[in-house]
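The sequence and the structure are shown first.

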Amino acid sequence: MTSIGDNPPARPPAPTPPNAGAGTSALAGGWERLHPLSAVVRAGRGTLALLVVMAVSAVSRNGSGTQDLVRLGLVAVVLLVGLVSWLVTRWRVSDGVLQVDTGLLRRSSLRYPLTQIQAIDVVRPGLARVLGMAELRLRMAGAKGSSGRLAYLSSVSAEQLRARLLAMAHGLDEHEPAPPERPLYQVDPKRLIASLLISGPAMALELAIVVLVLVALIKPGAAGAVLASGATAFLGVSSALWQRFNGEYRLVVAEAPDGLRVRAGLIETSAETIPRGRVQALRLVQPLTWRPFGWCRIEVDLAGRATGGRRNRAAKRAGRALLPVGTLAQAQALIERVMPDVPTERRRPPARARWKAPLRFRHLSYGLNDRYAVTVSGRLRVVTDWVPLGKVQSVRRTEGPLQRRIGLASVHLDTAGRMIFAVARDRDRSEADGLLASLPGACRAARAGETGIGTGRRRF
Amino acid sequence: MPQGAPADGASSADGASSADGASWAAELEWKSPSPRLRGVRRAQLAAATIPVLAIAAGTGAAASGAAVGGIASVAVLAGAAILDLLLGRRVRAWGFTERQQDLIVRRGVMFRRLSVIPYGRMQYVDVTAGPFERAFGLASVRMHTAAAASDARIPGLPQAEAARLRDQLSALGESQATGL
């Protein structure tokens, strides 16, 4: 990326440039550029880290002048690369497709059909917030992390574009104003902190700290070794906890006619829009340590890979929370909004399932109506999963050796989601067979009923 | 894996369907992969065994004489023979059937799986043939849905049958397609 940042190569203009967006940096043919300061924000974290290093070395007078020069050079290169990338990146919305052209040496032209959008997020890292900028992320249904990014736009135009894209995704006129939204609830930060402190990973971390302090008191020499051996696990758990805290701080869920809005964040804020009919599964988790307080958590699963560059694996596995912590009444109200008329009747597995799943047995059950399936499982925590039958991709029956001995089988309902899978565990084999025979038809019927509602368009 | 296997091992292929009792699964007409799949598995096992055998015999003989080398190679061969029997049972356990609106695939001896995949949910079909399968004139067909967990793979089909199934599946998938 050392060559000169020329203007983007000339491209044939689109046949019908709608040119609707009131962008500040419009190019010919309806194309628009990102915010000119994008490079600064992109380089932001690295630059800040380097500045801190330089300040430290200047104070302690360890670093020589040449080292500082090298660091400054690094910052300059990062900024230059960002500037070139800004110059060669442009985007436009035309014919129901968001088009993003980027790349200097290897040009790539990405197209995102708006009818296939699974969710739209507006994300603002700390530095971008200071500069009044935001990143727009489109979550698509593709299997391999095919999410579109526009980093960065000005906050105002990001909001406008989000409303415009959503309107188009729902098949409305693109100038349709964003419909009014109704807040459902806000999560209390104090309760969030308390709930995180007594969650499983945090308890392990706290225990480790106590042990470390004790070791340091008894044998000061050994503490360093203990710390060094557990440092990576320590960092991993704390960063996962931090990301959960940052991602769920002041989480607000609002309901709008075009979907659910989820806003959250302490330093990096995000505003996510989940259009109607995109939810693949819901999960209610009641961890053991939360039960005395009557708290629970609701996660939602969509098709396509979860976006978010720096979220680590633990944070990803935790899933997108719709309700990071709340009472059961709040949870039920939310479930009612997202999936009306879920089955309430639960069927228990046969008593002999106790031999196969002694810890799970207390919680195991499943329920079914003509639109949704619900399964309950979990050893220490109780996990309840809801799946719309219209979203089920395939049905599987599995039998392990132990299960077969006592005539049990599990039935899996596979959806396009990534984290939440509904499994009716340890059912009587004849019952599992009955499910396997009846579910495909029930799913087809649910699917047919689903397309009748809403805009009448084919829904994903 | 070896424990529990002999108990119901006598009639594995039939066992898989008769274990379903008088259920609907037993009444279906199951199609099986080609018997040549047995040959493919045997060839793959042999290809994996030969280097292990060479290393076992070589190191045994070099470290403590020809007798130990001989014992080591006999042990490796015995292990391969047992694996071969187990692979045979697994080959016989594969089955699939094409219904009007879905494909059903069953597999596995110890961990049995039976998947029902509606044609309408199909994203794409692919046909693959590794070197061993190709040598025996076979191919695998796999039907992909939007769910990563869907398990619709049928190995060891004769190549003509694989091509027929692929065309059949894509035609049915096209005509019954639904969204995500």
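## Two packed helices in chain A

Helix α6 (residues 200-218) of chain A packs against helix α7 (residues 220-229) of chain A at an angle of about 150°, and their axes are 5 Å apart. Here helices (H or I, at least four residues) and strands (E, at least two) are DSSP runs, numbered from the N terminus. Axes are lines fitted to C-alpha atoms, for helices over the stretch in contact, and angles run from 0 to 180 degrees between N-to-C directions. The angle therefore makes α6(A) roughly antiparallel to α7(A) (angles over 145 degrees count as roughly antiparallel).

On the side of α6(A), the contact is made by L212(A), V215(A) and A216(A), and on the side of α7(A) by P220(A), A222(A), A223(A), V226(A) and L227(A). Two residues are in contact if their C-beta atoms, placed from the backbone, lie within 7 Å. The residues of this contact comprise eight nonpolar, no polar and no charged; Ala, Val, Leu, Ile, Met, Phe, Trp, Tyr, Cys and Pro count as nonpolar, Asp, Glu, Lys and Arg as charged, and the others, Gly among them, as polar.

## Basis of the model

This is a predicted model, in which local features need pLDDT of at least 70 and side-chain atom pairs count only at pLDDT 80 or more, while totals for chains, interfaces and linings use all residues. Residues are numbered from 1 along each chain as its sequence is written, and chains are lettered from A and ligands numbered from 1 in the order in which they are written.

## The sheet of chain A

In chain A, three strands form an open, antiparallel sheet in the order β1-β2-β3. Its edge strands are β1 (90-94) and β3 (108-113), each of which pairs on one side only. From one strand to the next, the twist averages 15°.

Two strands pair if DSSP finds at least two bridges between them. Five bridges connect β1(A) to strand β2 (residues 97-102) of chain A, and V93(A) has L98(A) as its bridge partner in β2(A).

## Strands of chain B

Which strand of chain B is largely enclosed by the rest of the structure? It is strand β2 (residues 102-107), because five of its six residues are buried (20 or more other C-beta atoms within 10 Å of the residue's own, with C-beta atoms placed from the backbone).

Strand β1 (residues 95-98) of chain B pairs with β2(B) in the antiparallel sense over four bridges, and T97(B) stands opposite I104(B). Six bridges join β2(B) to the antiparallel strand β3 (residues 112-118) of chain B.

Technical notes
A residue is buried if 20 or more other C-beta atoms lie within 10 Å of its own, exposed if 12 or fewer, and partly exposed in between; C-beta atoms are placed from the backbone. Angles under 35 degrees count as roughly parallel, over 145 as roughly antiparallel, 65 to 115 as roughly perpendicular and the rest as oblique.
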